[in-house]
Amino acid sequence: MRESDATALPRLVVFGEALTDLMRTGDSTWHSVPGGACWNVARVASTLGAPTGWGGSVGEDLFGQRILALSREAGLDARFWQVVRRSPLLALVHQLDPPQYFFVGESDLGFDAALLPDGWQQACEFAHFGCISLVRQPLGARLLALAELLHAAGVPVSFDPNCRNLMDADYPPLFERMATLADTIKVSDEDLRHIYPALATVDALDRVHALAPRATVLYTRGADGMTAYAPDGGVFEQPAFKVAVADTVGAGDACIGGFLASRLQRPDAGLPAHVRFAAAAAAAACTRPGAHAPGRSEVDALLAANPVQG
């Protein structure tokens, strides 16, 4: 079942999971928070003003309805999400520090790209993939095939591995396959250690560059900022913006969502400007608890308060 509207087709489509985090707050109490890395990316990009579709599915339940309510609030294109008769995808976070969690449910597995609106591929200027959706079968195989199809058609692919505990020793070949398809790769220091535990950071990054020589690579390090590597060999360092941090949930998703929104809205701005905008989006996401999708005014305020020096 799909909803529809009459708006133009989106320029960015994000494929992958939406879920609900059930966080244990006491011996017998839990707190629910809508999330999911791919859905977070889509919501951020849309909230920042980029016409965005989220290609994913939720169940016919209270968790799914909350995700859809927030999707509407963010302005996501309703023709791209799907509602299926499957149990809700939940991440049960039974320990917060260090995080311990496991996944139950299968509402994400019901997504069918064949049901997307006619002409969406021709309108799509960026397609984003990542996180657990690529390793939850049979969805993962279908999304990989879709990424390959889009890449072959000349649609730029964005990829953020956003590693979770489902990515086991079999994951590196999948990461490398997705990297070869990508125009943009966002990878964190934690991701690199997870994917290439035996390699030093410089060697792991060299391997990523060798796999994707034509990709822009964003290497993020949390509070230590990020480094952007351009396809022409240029390197740009971006410090993290200083903010009062409520938590860092969804900061990485806001980073890549902000980067893609900036590239779509300001195609001639240049890599340093796009990366700076992405860093401001990530920082703004940290100012509120949960996976906050910052608005354009929040990001612009941070940029104005931290002018480029020199």
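Helix H1 is followed by Gly49, whose phi is positive, near 105°. That residue belongs to a predicted model of a protein chain with ten helices and 14 strands.

**The chain as a whole**

- For 310 residues, a compact globule would have a radius of gyration near 19 Å, and the protein chain agrees with this at 18 Å.
- Taken along the principal axes, the box filled by the C-alpha atoms is roughly 55 × 50 × 40 Å.
- Of the 310 residues, 53% count as buried.
- The accessible surface of the protein chain comes to about 13,400 Å², and carbon and sulfur atoms account for 54% of it.
- Among contacts between residues at least 6 apart in sequence, 69% join residues at least 24 apart.

**Helix H1**

- Ten of the eleven residues of H1 are buried, so this helix is largely enclosed by the rest of the structure.
- The buried residues of H1 are Ala37, Cys38, Trp39, Asn40, Val41, Ala42, Arg43, Val44, Ala45 and Ser46.
- Which elements cover these buried residues? The cover includes strands S1, S3 (30-35), S4 (52-55) and S9, together with helices H2 and H8.

**The nonpolar cores**

- In soluble globular proteins, nonpolar side chains tend to be buried together.
- The largest nonpolar core here has 48 residues, and Trp54, Phe259 and Val299 touch the most other members.
- Two or more residues of this core come from each of strand S1 (12-15), helix H1 (37-47), helix H2 (62-74), strand S13 (226-229), helix H8 (251-265), helix H9 (271-285) and helix H10 (296-305).
- Helix H9 gives the most to this core, with eleven residues.
- Not counting residues up to four places away in sequence, Trp54 touches Val14, Gly16, Glu17, Ala18, Cys38, Trp39, Ala42, Leu76, Phe80 and Trp81.
- There is also a second, separate core of 42 residues, which includes Ala127, Leu143, Leu144 and Leu181.

**Aromatic rings**

- A pair of aromatic rings is described by the distance of the centres and the angle of the planes.
- The structure holds six aromatic pairs.
- One of them is Phe15 with Phe129: the ring centres are 5.3 Å apart and the planes are at 20°, so the pair is stacked.
- Phe15 lies in strand S1 and Phe129 in strand S9 (residues 126-130), so the pair ties together parts that are 114 residues apart in sequence.
- Phe15 is buried, with a relative accessible area of 0%, and Phe129 counts as buried at 0% relative accessibility.
- In the pair of Phe175 and Tyr196, the centres are 6.0 Å apart and the planes are at 85°, so the pair is edge-to-face.
- Phe175 lies in helix H5 (residues 171-181), while Tyr196 lies in the loop between helix H6 (189-195) and helix H7 (201-211), so the pair ties together parts that are 21 residues apart in sequence.
- Are Phe175 and Tyr196 buried or exposed? Both are buried.
- Phe15, Phe111, Trp120 and Phe129 form one aromatic cluster.

**Leu12 in strand S1**

- Leu12 lies in strand S1 and counts as buried, at 0% relative accessibility.
- The C-alpha atoms of Leu12 and Phe126 are separated by 4.9 Å, although these residues are 114 residues apart along the chain.
- Leaving aside neighbours within four places in sequence, Leu12 is in contact with Ala45, Pro51, Thr52, Gly53, Phe126, Leu260 and Leu264.

**Asp160 in strand S10**

- Asp160 is found in strand S10 (residues 157-160).
- Buried means under 20% relative accessible area. Asp160 has 3% relative accessibility, so this residue counts as buried.
- A polar atom of the Asp160 side chain lies 3.1 Å from the backbone nitrogen of Asn162.
- Not counting residues up to four places away in sequence, Asp160 touches His128, Phe129, Gly130, Cys131, Lys186, Asp191, Gly252 and Ile256.

Conventions
Residues are numbered from 1 along each chain as its sequence is written. This is a predicted model: local features need pLDDT of at least 70, side-chain atom pairs count only at pLDDT 80 or more; totals for chains, interfaces and linings use all residues. Side-chain values use heavy atoms; hydrogens and water are left out. A nonpolar core is a set of buried Ala, Val, Leu, Ile, Met, Phe, Trp, Tyr and Cys residues joined through side-chain atoms within 4.5 Å. Buried means under 20% relative accessible area, exposed over 50%, partly exposed in between (1.4 Å probe, protein chains only). Helices (H or I, at least four residues) and strands (E, at least two) are DSSP runs, numbered from the N terminus. Contact means heavy atoms within 4.5 Å. Rings of Phe, Tyr and Trp (its six-membered ring) pair if their centres lie within 6.5 Å; planes under 30 degrees apart count as stacked, over 60 as edge-to-face and the rest as tilted. The radius of gyration is taken over C-alpha atoms; the globule rule is 2.2 Å times the number of residues to the power 0.38. Accessible areas come from the Shrake-Rupley method with a 1.4 Å probe; for residues, only the protein chains shown count as cover. A polar contact is a pair of N or O atoms within 3.5 Å; within protein, one must be able to donate a hydrogen and the other to accept it, and residues adjacent in sequence count only if both atoms are side-chain atoms.
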